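Please examine the sequence and the three-dimensional structure shown below.

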Amino acid sequence: MSDRRPIEFIASRCESLRIHHNAHRETHTTVARHLLHRERLGDVIIFASTASRVRCMESEAIWEVSIRHRDDTQTHIAGTSLDECMELANATMRVSTVGAIAA
């Protein structure tokens, strides 16, 4: 990711931003089990597509971006690359900003 503007846009509109690469390896498990565990905890993991989710599970590699918003809600985004996650996070933040302005 050569353009830092997307990460700066997101960072300026949230309380905190966390980036993980292959967090499943910390607990010596698979990507599929890691995602299942996160979902059991109540985390909704957003992927750009079903194909992206499948690619993460097949390759046993995953990037995750977690955003804590100013209202204390969280958004969890995952994908095959940091660029993919940041693009989706950027789009998600822009949509929520537009919604807040329209309200």
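How much space lies in the largest pocket? About 210 Å³ of space lies in this pocket. The structure is a predicted model, in which local features need pLDDT of at least 70 and side-chain atom pairs count only at pLDDT 80 or more, while totals for chains, interfaces and linings use all residues. Residues are numbered from 1 along each chain as its sequence is written, and side-chain values use heavy atoms, with hydrogens and water left out.

A pocket is defined on a 1 Å grid over the protein atoms alone, as an open set of points where a 1.4 Å probe fits, with protein on both sides within 12 Å along at least five of seven lines; lining residues have an atom within 4 Å of a point. Grid points are joined across faces, edges and corners, and the volume is the space filled by probe spheres set on the points. The lining of the largest pocket consists of 13 residues, and Arg18, His20, Arg38, Ser66 and His76 lie nearest its centre. Two or more lining residues come from each of S1, H2, S3 and S4, and S3 gives the largest share, four residues. By type, the lining holds two nonpolar, six polar and five charged residues (Ala, Val, Leu, Ile, Met, Phe, Trp, Tyr, Cys and Pro count as nonpolar, Asp, Glu, Lys and Arg as charged, and the others, Gly among them, as polar).

The overall fold comes next. The protein has four helices and four strands, where helices (H or I, at least four residues) and strands (E, at least two) are DSSP runs numbered from the N terminus. Their order from the N terminus is α-β-α-β-α-β-β-α. Of the 103 residues, 32% are buried; buried means under 20% relative accessible area, exposed over 50%, and partly exposed in between, with a 1.4 Å probe and protein chains only. Among contacts (heavy atoms within 4.5 Å) with a separation of 6 or more, 63% join residues 24 or more positions apart.

Asn90 lies in helix H4 (residues 82–102). Is Asn90 buried or exposed? Asn90 counts as buried because its relative accessibility is 14%. Beyond residues up to four places away in sequence, Asn90 touches Pro6, Phe9 and Ile10.

Finally, the backbone deserves attention. Most residues other than glycine have a negative phi. His28, although not a glycine, has a positive phi of about 55°. His28 lies in the loop between strand S1 (16–21) and helix H2 (31–40), and is exposed, with a relative accessible area of 74%. Asp72, also not a glycine, has a positive phi of about 75°. Asp72 is found in the loop between strand S3 (63–68) and strand S4 (74–79), and is exposed at 53% relative accessible area.
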